[in-house]
Amino acid sequence: MLNNKSFLLFILFTHFIIGIFSISIPIKKEINTNTDHTLLFKSYSKDHFNQGNENNEKYHTIINLIEENGHFVKVFDEVSKETQEFNNIILIGSNKLLKNLSLLKKHIEKRVPIIFLNVNENDKKEFCSLVKNVCILKGEHNILGYIPKSKDSLKYHSVFNWMNGNKMDETNVVSVGYDEKLKSVFSSNETVETIVGDFNSEYKSMTNSLLLQLNGDGQKVNGPTPSLIPPTNDTLPFAYFENTYPVSFQALINPAVASKVSEQTYSLSITNHIYLYKDVPNNLIYSIIYQDGYMLPGDQLGINNPKVAIGSFTTSFGITNTLSFSDGQTPDGDSFNLEASSPQTVDQTHTVTNEVSTDMSIGVSFEVNPDGGGGGASFDETWSSSSSETNTITDYGVNEMSNPVTMQSSWMYHQQFPFDVYTWGYLNFGDWYQSAYDGNCDVAQPPPLSTSTLQTSTSWKWKFDGSLIENGSLNVDLTTAFTLSYSMISCPGFYTSHHKLFYCETSGSADQTYDFNGF
């Protein structure tokens, strides 16, 4: 049996990592939620002892789990001297803490991590006005984690968003059969509600993910890439922050065969790593976003018997990022532009190597003091950063669909071997069904990226003209929409006497408001 380290190396070997804009992406995956560091939480007394409501029950459910993980939780009140202790503590509370702005300001100034549990849209508004580029303003949070961090001399923050009632669209459930004798295909489809993971089913995994981030060794969130951090000086303003959005939902299947398979839950997480640069001489702002995501179709498949059926496994995952302006502006291509994106379309039916290299140059202004050469004149130089990285993935393809007109960045990751449902079409199952089976009607085994963790790594660069700044802010809304398809293949006799493809497709989105001039 492989130990955790061997399994981790296997997963890292199969993941697709993109190098762009000098991004040498660290993708360490922690599959063990045990941590080496003990954390100290300070639970705000007015929330801790707020008895008699559902929120308090959820609050203590998470508090108890934190303690079960070997961490300490200490109750304090706002008049206690302990509220002045800021080192190596994590402040935790709910709607009562959100109303204590003076206490929050002290902890924000001292860069103390703050965790809010079960807070609604109205309660978090004032806190969100205290910190830039942190909050998802719309919707309720099960967990909102604000985690200040530092790397060398750079200070930044990481945000963890576990929303209550994530935005998931309905799931299209399709059953396609092929009759070999009649040489005909028949299908049925229906649209059903997507079952999103609720608090009771997800609080353990979500809390453990938060604890990993608080310990500094969380999944995927490893801080800025050094080569993308410019020289420290006042002539090139720079900011970095990161935002994680996890969601889980039940993998649906045709109701007629639901009793034949085990329940299966998909887990999905998207993290935006946002780099902001000001080109002061040219009155421009650049935003480079490295976006990583991972998708896991459950700890095990609903059924995995090649002589009967295999599923559900991932067959495609698409992601599209759309930027709009909070004040309703619709800038033209001169004032807002998609400058570059990666990866480009890659056909990877077989193992191939993809190489990407992109340069970014920003004008930098240097003042020469009167005692130096030039007698106080100024001049422009350039800071640039570039790199390339060669990576290999197997049995998957990537279609880039970024649009230079709408400025959207978009990609589709899809299984290509041994069959490609995305490209060939699920309704064309009769044309390619033989590729889904080995001899003696055994179902062909899907590749590891379809049955275990699929990691996506994409990057793009947007350029903004300074004329878009209004009242000192450049407020934008970033919507990340995703589409997932997953399938089950069965042999004759599992449901009917025909070869069957059970295909499901669902989608969802995450919205975040940023101030790209807030640094």
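Helix α5, which spans residues 101-109, has L101, L103, L104, H107 and I108 among its buried residues (buried meaning under 20% relative accessible area with a 1.4 Å probe and protein chains only; helices being DSSP runs of H or I with at least four residues, and strands runs of E with at least two, numbered from the N terminus). Because these residues cover an arc of only 155° around the axis, they lie on the same side of α5, the arc being that of the directions from the helix axis to the C-beta atoms. This is a predicted model, in which local features need pLDDT of at least 70 and side-chain atom pairs count only at pLDDT 80 or more, whereas totals for chains, interfaces and linings use all residues. Residues are numbered from 1 along each chain as its sequence is written, and side-chain values use heavy atoms, with hydrogens and water left out.

**After the helix**
- R111, which follows α5, has a positive phi near 55°.

**Strand β18 and its partners**
- In strand β18 (residues 409-415), 7 of 7 residues are buried, with S409, W411, Y413 and Q415 on one side and S410, M412 and H414 on the other.
- Strand β13 (residues 309-325) runs antiparallel to β18 and is joined to it by 6 bridges (strands pair if DSSP finds at least two bridges between them), and G318 has M412 as its bridge partner in β18.
- Strand β17 (residues 396-400) is also antiparallel to β18, with 5 bridges between them, and E400 stands opposite W411.

**L323 in β13**
- L323, found in strand β13, counts as buried because its relative accessibility is 9%.
- Not counting residues up to four places away in sequence, L323 touches F336, W462, F464, V476, D477 and L478 (contact meaning heavy atoms within 4.5 Å).
- L323 and T513 are 190 residues apart in sequence, with 9.7 Å between their C-alpha atoms.

Notes: Buried means under 20% relative accessible area, exposed over 50%, partly exposed in between (1.4 Å probe, protein chains only).
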